[in-house]
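I opened the model to take notes on one chain as a whole, and then on a single position within that chain. The entries follow in the order in which I looked things up.

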Amino acid sequence: MRLPRFALRCFCFLVYLFLLAPIVVVLLSSLTTTEYIVFPPKGITLRWYLELIEHAEFMQSFLLSVVVALGTSLVSTVIGTLASLAIVRRSFPGKTAIIQLIGSPLLIPSVVFGVALLQFYSWIGLAASPLALILGHIILTVPFVVRLVVAGLVGFDRSIEQAARNLGAGPFTVFFRITLPMIKSGVIAGAIFSFITSFDDLTVALFIVSTDVVTLPVRIYTYMQYQYDPIITSVSSIMIVFTVVLMVVIEKVLGVGKVFMSKQQ
Amino acid sequence: MQAERITYPKPDVAPEKKKKAAKKHAETWLLLFPALVIFVFFFLLPLFFLFITSLKTFDASRGIGDQWTLENYVKFLSDPFYLGVIWRTIKIGLVTTLIALVISYPVAFHISQAKGTVKNLLTLIVLSPLLISMVIRCYGWVILLANNGVVNQALLSLRWIEQPLTFLYTELGVVIGMVHVLFPYMVLSIMGSLERIDPSLIRAAQNLGASPLRTFFAVVLPLTLPGVFAGSVMVFSLSVSSFVTPAILGGTQVKVMSYLTYEQVAVLLNWPYGAAIGFLLILIATCTIILYSRILASSEKGVAIQ
């Protein structure tokens with residue numbers, strides 16, 4: 001049993017290396033002194049981070065992406081949580097159809113959804129704007145929120161709510177003082193998940209953006225098609241650090257494994 | 001709710017009850033209303049209009065013509081070039097799924113055996129591709145797989161190859177990127193079923209004298225098949241519909257259906273044709289899921305027997 005176990009360890013080590021490789025490469029390449037992207041980096045400099053200051057468009061895109069992601073995560077968490085409450089606790093006609101409708105964005109390739117949204121927006125005359133992006137991203141993220149919150153609501157002991165009601169608490173008090181705290185982890189997980197999904201989305205945003213309204217992933221994608229300098233790796237590195245910080249927060253609040261395990265069910 | 005239960009039924013309570021039921025009904029729809037409105041207006045309607053578009057003729061000046069036609073679908077399904085694109089899309093999906101499965105099973109097993117901090121750390125490494133922007137990960141691969149990139153240099157210095165291999169803008173490059181992106185879905189799915197195995201089953205096998213390898217193949221592996229299956233379907237359907245990875249690592253050289261949809265609409269401005277390709281793509285992805293739930297339904301019966 002010694003040898004298989006050793007072989008398993010070596011194999012897994014290689015796989016972890018494979019998983020981390022592109023991220024490490026991007027981080028290290030951003031330090032190169034050359035005018036082009038190269039790995040391993042030649043020399044070490046922070047020049048490309050300083051050059052970012054002159055490329056204000058990246059900062060604008062970053063801020064836009066953050067605003068869109070925050071808006072998406074806020075709206076989709078609220079409406080997703082409300083819908084989950086109805087789905088788990090009420091019976092109503094057409095329930096199955098509604099559950100399927102809310103889950104179906106996961107089945108639709110996002111390219112097709114992006115195209116459909118672009119056509120629809122141009123018909124109703126909604127130009128590229130944070131709102132237009134947020135509406136699209138809500139569709140992508142509500143299914144996750146519903147899944148996570150529903151998982152938290154199933155097996156919820158309702159006698160506590162009833163006790164509160166009998167003691168004279170109004171429905172809103174019950175919701176904010178009892179229900180919400182008990183499903184908190186699902187709701188937070190949904191919010192963080194929505195934020196990351198929206199922040200990372202290229203496919204749908206690619207169709208909606210205009211020359212003034214460009215999210216960071218789209219900015220990086222289009223920049224790379226014309227130029228190949230290390231600015232792109234420095235922007236990317238900042239994004240990676242940003243995400244890692246977010247990940248540490250999730251880990252502290254909930255435990256990363258838990259958040260993503262429930263995504264699977 | 002509770003108030004209803006403690007009210008004693010009296011003859012004149014009926015209208016009161018009806019009122020309460022109606023109020024409850026209104027509350028339900030109030031809860032669903034915001035999500036439904038957004039889904040109907042920004043999901044169903046756009047897709048419906050796009051479907052209509054896919055049934056229209058192409059008009060060079062306006063994009064969408066006036067005539068109804070099935071030409072867009074027929075054109076795609078009767079042209080060997082486009083059928084090749086469907087086949088390539090499916091092939092990349094199958095190869096990606098197979099590779100992801102083979103490399104993620106041992107990893108899932110390894111992680112499920114680990115404990116405490118190590119386990120958390122390993123889970124984090126496995127999940128990291130999910131969290132780091134897809135665009136950035138793909139550019140990481142562009143740097144790694146370039147003709148003078150690290151991978152080629154390593155292979156050259158090991159003398160495994162004589163000349164640099166071309167990875168970028170080939171199916172191999174797309175598969176590598178795709179496995180990387182979709183790997184976490186497979187691992188999580190397999191880990192889920194590994195962790196659901198009752199440890200007493202493994203102890204029982206060992207007490208009955210089974211070697212660790214035998215225990216694995218006779219007990220553990222069969223019990224994780226549903227997880228393997230679920231992961232495979234998820235990876236396959238995500239890979240056929242993914243856009244970012246094939247666009248960056250395959251570009252115009254390795255066209256898949258999602259890229260073709262994008263190209264028709266955004267570059268060639270042939271909306272009806274792009275829409276038709278998009279709906280064929282939906283069809284492929286949906287068929288996978290339906291097939292999956294069919295097989296899962298029958299395999300669950302199989303698992304229940306055990």
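I started with burial in chain B: of its 306 residues, 50% are buried. The model is a predicted one, and I read every value below with that in mind.

Next I looked up the secondary structure. Chain B holds 13 helices and two strands.

Then I checked overall dimensions. The radius of gyration of chain B is 26 Å, whereas a compact globule of 306 residues would come out near 19 Å. I also noted the span of the C-alpha trace of chain B along its principal axes, about 95 × 75 × 35 Å.

I counted 23 positive and 14 negative charges in chain B, with mean positions 9 Å apart.

Last, I turned to one residue. Ile176(B) lies in helix 8 of chain B, which runs over residues 171–195.

I then listed what Ile176(B) touches, setting aside neighbours within four places in sequence. Its contacts are Trp141(B), Leu145(B) and Phe167(B), together with Phe18(A). I also looked up Val95(B), 81 residues from Ile176(B) along the chain; their C-alpha atoms are 10.0 Å apart.

How values were computed
Residues are numbered from 1 along each chain as its sequence is written. Chains are lettered from A and ligands numbered from 1 in the order in which they are written. This is a predicted model: local features need pLDDT of at least 70, side-chain atom pairs count only at pLDDT 80 or more; totals for chains, interfaces and linings use all residues. Side-chain values use heavy atoms; hydrogens and water are left out. Helices (H or I, at least four residues) and strands (E, at least two) are DSSP runs, numbered from the N terminus. Contact means heavy atoms within 4.5 Å. The radius of gyration is taken over C-alpha atoms; the globule rule is 2.2 Å times the number of residues to the power 0.38. Buried means under 20% relative accessible area, exposed over 50%, partly exposed in between (1.4 Å probe, protein chains only). Lys and Arg count as positive and Asp and Glu as negative; His and the chain ends are not counted. The place of a charge is taken as NZ of Lys, CZ of Arg, CG of Asp or CD of Glu.
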